[in-house]
Amino acid sequence: MLFRKHKRFASLLALILLSIALLLCFLFGSSYDKKKGEIKESFLTDEEAFAKVYPLLSPTPKDLDSNRPEILTVLTPTDQEALTITEGGNYLLSGNSKHPLIIDAPEESVHLFFDGLSISSKKGPALLCKNASKLLITLNEGSENILSDSGDYPSDGNFACLYSNCSLTINGKGKLTVNGYYKDAIHTKDVAKILNSTLTIKSKRTGISANDGLYMDACSINLSSEKNGLVTKKKGGDGKGNLVIKNSDLSIIAGRYCFVSEKADLLIFDTNLSLRSVLKDYYVGGKVFLEERGNP
């Protein structure tokens, strides 16, 4: 009899503790909960305020510049050999190639204008930026561009169809399809900014991986990945490591998570989301601020 009473008491105590734990989770939430209204929408739409809080991710006039300059170098990749850019400047690219485009211009800014470019690399990345201070890609209005890598890679660790060792910006009103047949579709070791662009992305591992932070504004993204959709890895000052999406339309299918911000925050505002994931929509080490665009 005494044993039964103790057993009932233990069960009741366990039930009470479980109820308290659930109540605390409900009240305080976790990093995976959708938290609405913690940052006003006007905060992020005010570019001046955004630049003060997130200077590392804030677009610069150069990031937003999609105008073709009067003086630029016209390049036409061919199937004969890989095309290598060794100097900073503005380059117009069109045509088809089965060899990668390589950028090796240390400490210099390289601005590429895609105007009907198609690269299907036989070996390794389609576009490899080894060295530059900044890589900017403009998709010329009305153009359709395709980058596809190979399942055959050298053992150099640059495992992405579009791989950059420096900050990467993609802008312009054209279209870009990126097929990451080996691992990542787009990978930068720095910050990535995707502005006013239409991208179709397929990847075996991650759709877009940006170590130091990812910023998207006014984009249309259709992404499917066998692992994760959009990923940032680091955390630091000036907004480093944060994943920020504004004024966009995103359709993501992911084998694990649609969004991963390993050590920083996820901020999504005024955006249409269509998300399908096997595990959860997002895995976030910091906080989540989510405000989807209302249906008309």
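## Cavities

The second largest cavity has a volume of about 30 Å³, in a model that is predicted, so that local features need pLDDT of at least 70 and side-chain atom pairs count only at pLDDT 80 or more, while totals for chains, interfaces and linings use all residues. Residues are numbered from 1 along each chain as its sequence is written, and side-chain values use heavy atoms, with hydrogens and water left out. A cavity is here a set of points, on a 1 Å grid over the protein atoms alone, where a 1.4 Å probe fits but cannot get out, and lining residues have an atom within 4 Å of a point. Grid points are joined across faces, edges and corners, and a volume is the space filled by probe spheres set on the points.

By this rule there are 2 cavities of 30 Å³ or more. The lining of the second largest cavity is formed by Pro77, Thr78, Glu81, Ala82, Leu83, Ser97, His99, Pro100, Leu101 and Ile119. Divided by class, this lining holds 6 nonpolar, 3 polar and 1 charged residues, where Ala, Val, Leu, Ile, Met, Phe, Trp, Tyr, Cys and Pro count as nonpolar, Asp, Glu, Lys and Arg as charged, and the others, Gly among them, as polar.

## The largest pocket

A pocket is an open set of points with protein on both sides within 12 Å along at least five of seven lines, and the largest pocket contains about 210 Å³ of space. It is lined by 13 residues, of which Thr206, Asn228, Val231, Arg256 and Glu262 are the closest to its centre. The lining comprises 4 nonpolar, 3 polar and 6 charged residues.

At least two lining residues come from each of strand 15 (206–210), strand 18 (228–232) and strand 21 (257–261); strands (E, at least two residues) and helices (H or I, at least four) are DSSP runs, numbered from the N terminus.

## The chain as a whole

The chain has 4 helices and 24 strands, and buried residues make up 45% of its 296 residues, with buried meaning under 20% relative accessible area, exposed over 50%, and partly exposed in between (1.4 Å probe, protein chains only). The accessible surface of the chain comes to about 14700 Å², of which carbon and sulfur atoms hold 51%; accessible areas come from the Shrake-Rupley method with a 1.4 Å probe, and for residues only the protein chains shown count as cover.

Of the contacts in the chain with a separation of 6 or more, 51% are between residues 24 or more positions apart, a contact being heavy atoms within 4.5 Å.

Strand 9 (residues 160–164) is mostly covered, with 5 of its 5 residues buried. It pairs in the parallel sense with strand 6 (residues 127–131) over 3 bridges and with strand 12 (residues 184–188) over 4 bridges, two strands being paired if DSSP finds at least two bridges between them. Tyr163 of strand 9 stands opposite Leu128, and the bridge partner of Tyr163 in strand 12 is His187.

In a regular strand the side chains alternate between the two faces of the sheet. Both faces of strand 19 (residues 243–246) are covered, as Leu243 and Ile245 on one side and Val244 and Lys246 on the other are all buried. Strand 19 runs parallel to strand 16 (residues 213–217), joined by 4 bridges, and Val244 has Tyr215 opposite. Strand 19 is also joined by 4 bridges to strand 22 (residues 266–277), again in the parallel sense, and Ile245 has Ile268 as its bridge partner there.

## Individual residues

Asn272 belongs to strand 22 and, at 26% relative accessibility, counts as partly exposed. Beyond its neighbours within four places in sequence, Asn272 is in contact with Ser248, Asp249, Leu250 and Arg293; Asn272 and Arg293 are 21 residues apart in sequence and 5.4 Å apart in space, C-alpha to C-alpha. Leu279 lies in the loop between strand 22 and strand 23 (280–284) and is partly exposed, with a relative accessible area of 47%. Leaving aside neighbours within four places, Leu279 is in contact with Arg256 and Tyr257.

Asn211, in the loop between strand 15 and strand 16, counts as buried at 11% relative accessibility. Not counting residues up to four places away in sequence, Asn211 touches His187, Thr188, Lys189, Asp190, Thr232, Lys233 and Lys234.
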